[in-house]
Amino acid sequence: MKVDTMVSFSSLLARHWRGRRHLSFSPAFLRRFSSAPPSDTSPPPCLCPGCGVHMQSDSPTLPGYFTLPSSSTSLPNSFPFLSSTFKSGNLSTQSLQPEREPEPEVESEIKVKKPVVCARCHSLRHYGRVKNPSADRLLPEFDFQASVAPRLASPCGAPSLLLLLADASDFDGSFPRGLARLISASHDSHAESWKQGKPSNLPRPLLVVSRADLLPRLPPGHLEEWARSRARDGGLTAPLAGIQITSAMRNWGVRELLDRVHSLAGPRGNVWAVGSQNVGKSTLINAMAQWGPAAGDGARLTESPVPGTTLGVMKVDGVLEGRAKLYDTPGILNPSQITTRLNRDEQKLVQITKPLRPRTYRVKVGQSIHAGGLVRMDIEELTVGSLYVTVWASSLLPLHMGQTQHASSLFQNHFGLQLQPPIGKDRVKELGKWVRKEFKVCGNSWDSNCVDIAVSGLGWFGISLRGEAVLGLWTYEGVEVLSRSSLIHTRAAVFEEPGFSVSKIVSQADRASDKIKRVNKSGKKFDDGKAVKSSDAIVDA
């Protein structure tokens, strides 16, 4: 019985297909059985639209690797005319009739295609980390002076507008001083050529202060005037086209910045977004694109807290009108920033991602303040009884205030554990040796900060006193530390207590230290590496 059923099924299926040799199927139906990609699939760009690296599909271990999205189909979707009766074994002639495909609607044909990006950008966008760190080591270091600077200083071509970006929470560490000096020198030489009637293209700098939402509320105009003064001290003597305070996260000043760029660049100008690494250039351009003529269209630049996300110069479309061009450039490496010495887990503790909160100490002569295992401030001399020190840094950074005579004990026993970063005892030696810098400060008010001691890439100490003081600041060799006028005059209403600050890092390290003491007291063997590892776990918390 089963053999007869099998024979009848096979013969009926053979007669069915012999009778339909003349049938013709639509191209959309036949395309489902083809291994080749559809004809409307555009080839991938030679440059990644997210970071600007040259793309390749040969080796996943090399930079710029990408894969095209596959369009695989399963058997039920490939044979829509096979009904449920055929799958259940109840074959009929009606069930073998191929169903006519409905005509696709015009609206369904218009689909927004996701741009093809490299594997590195995909990992940064979805997981916040670099997929293959070994491939990044093969990338040559971007030479800004050789690649971009000559185009900015050229006396010919379309007029250039430079968006000089500086982070509001780390202005001196993120301000591109080398580029500022280049712009000033080019402006002076081009101005002289213009007087002689020669071709001249005066580069016009527009200072953009990003991430202003991280600062507390300031008096109107105070941040603009302060930024102008700091830019002048950083070597920018050329006339500024303006100062714009922005926050891409909260969309502050983005629309006003775009209007300024339109009026200054004109219909044919070139606009360059330049700044240090991780200053927020790509994030700001993406925010500007939401107000551009092609809002919502085009490729989106890759945003990431990882320094050096952008790898090449990219022309960004859909932001400016007319024939004006907008270019995003890789971040300029500033070796004097302390974040360039830290690994990714340590950078998470230092980077300021939430609004700053003041932490104020009342300090006397012979006392010190530690900011993690990165900076120590000693109060060496005072003409008054005490002064107030306000720490403006990441809330994840643990602090400690104590006697200066115990500083060496803290270095030996708590660096890498309670005082992070660095994370782990071994990392303390890898960061280099400590050096001392001396600062003489004076003030005339107890209620407001008079001067700042800024540490590049970390934050700053606000000093308030009525008198004079000599401060000794210790940090790793090569890290820039400078004195400047106060940015934020206010201090905390409630002072911090001496000792370690309340922090998850400190509590985690204390538990690990107590465990070591209990095990050593009981005489059991204990692996010291476990204590370091337990303190490392706070990074992921």
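User: How many aromatic pairs does the structure hold?

Analyst: This is a predicted model. One of its aromatic pairs joins tryptophan 272 and tyrosine 327, whose ring centres lie 4.5 Å apart with 20° between the planes, so the pair is stacked. Tryptophan 272 belongs to strand 4 and tyrosine 327 to strand 6, so this pair ties together parts that are 55 residues apart in sequence. In total, the number of aromatic pairs that the structure holds is 10.

User: Is the pair of tryptophan 434 and tyrosine 476 stacked or edge-to-face?

Analyst: Tryptophan 434 lies in strand 12 and tyrosine 476 in strand 14, so the pair ties together parts that are 42 residues apart in sequence. Tryptophan 434 is buried with a relative accessible area of 16%, and tyrosine 476 counts as buried at 1%. The two centres are 5.7 Å apart and the planes stand at 90°, and because planes over 60 degrees apart fall in that class, the pair is edge-to-face.

User: Which residue has its charged end over the ring of tryptophan 460?

Analyst: The charged end in question sits 5.0 Å from the centre of the tryptophan 460 ring. It belongs to arginine 484.

User: At roughly what angle do the axes of helix 13 and helix 14 cross?

Analyst: Val254, Leu257, Leu258 and Val261 of helix 13 meet Leu284, Ala287 and Met288 of helix 14, and the residues of this contact divide into 7 nonpolar, no polar and no charged. The axes come within 9 Å of each other, and their crossing angle is roughly 85°, which makes helix 13 relative to helix 14 roughly perpendicular.

Definitions and conventions. Residues are numbered from 1 along each chain as its sequence is written. This is a predicted model: local features need pLDDT of at least 70, side-chain atom pairs count only at pLDDT 80 or more; totals for chains, interfaces and linings use all residues. Side-chain values use heavy atoms; hydrogens and water are left out. Axes are lines fitted to C-alpha atoms, for helices over the stretch in contact, and angles run from 0 to 180 degrees between N-to-C directions. Helices (H or I, at least four residues) and strands (E, at least two) are DSSP runs, numbered from the N terminus. Angles under 35 degrees count as roughly parallel, over 145 as roughly antiparallel, 65 to 115 as roughly perpendicular and the rest as oblique. Contact means heavy atoms within 4.5 Å. Ala, Val, Leu, Ile, Met, Phe, Trp, Tyr, Cys and Pro count as nonpolar, Asp, Glu, Lys and Arg as charged, and the others, Gly among them, as polar. Rings of Phe, Tyr and Trp (its six-membered ring) pair if their centres lie within 6.5 Å; planes under 30 degrees apart count as stacked, over 60 as edge-to-face and the rest as tilted. Buried means under 20% relative accessible area, exposed over 50%, partly exposed in between (1.4 Å probe, protein chains only). A charge sits over a ring if NZ of Lys or CZ of Arg is within 6 Å of the ring centre and within 35 degrees of the ring normal.
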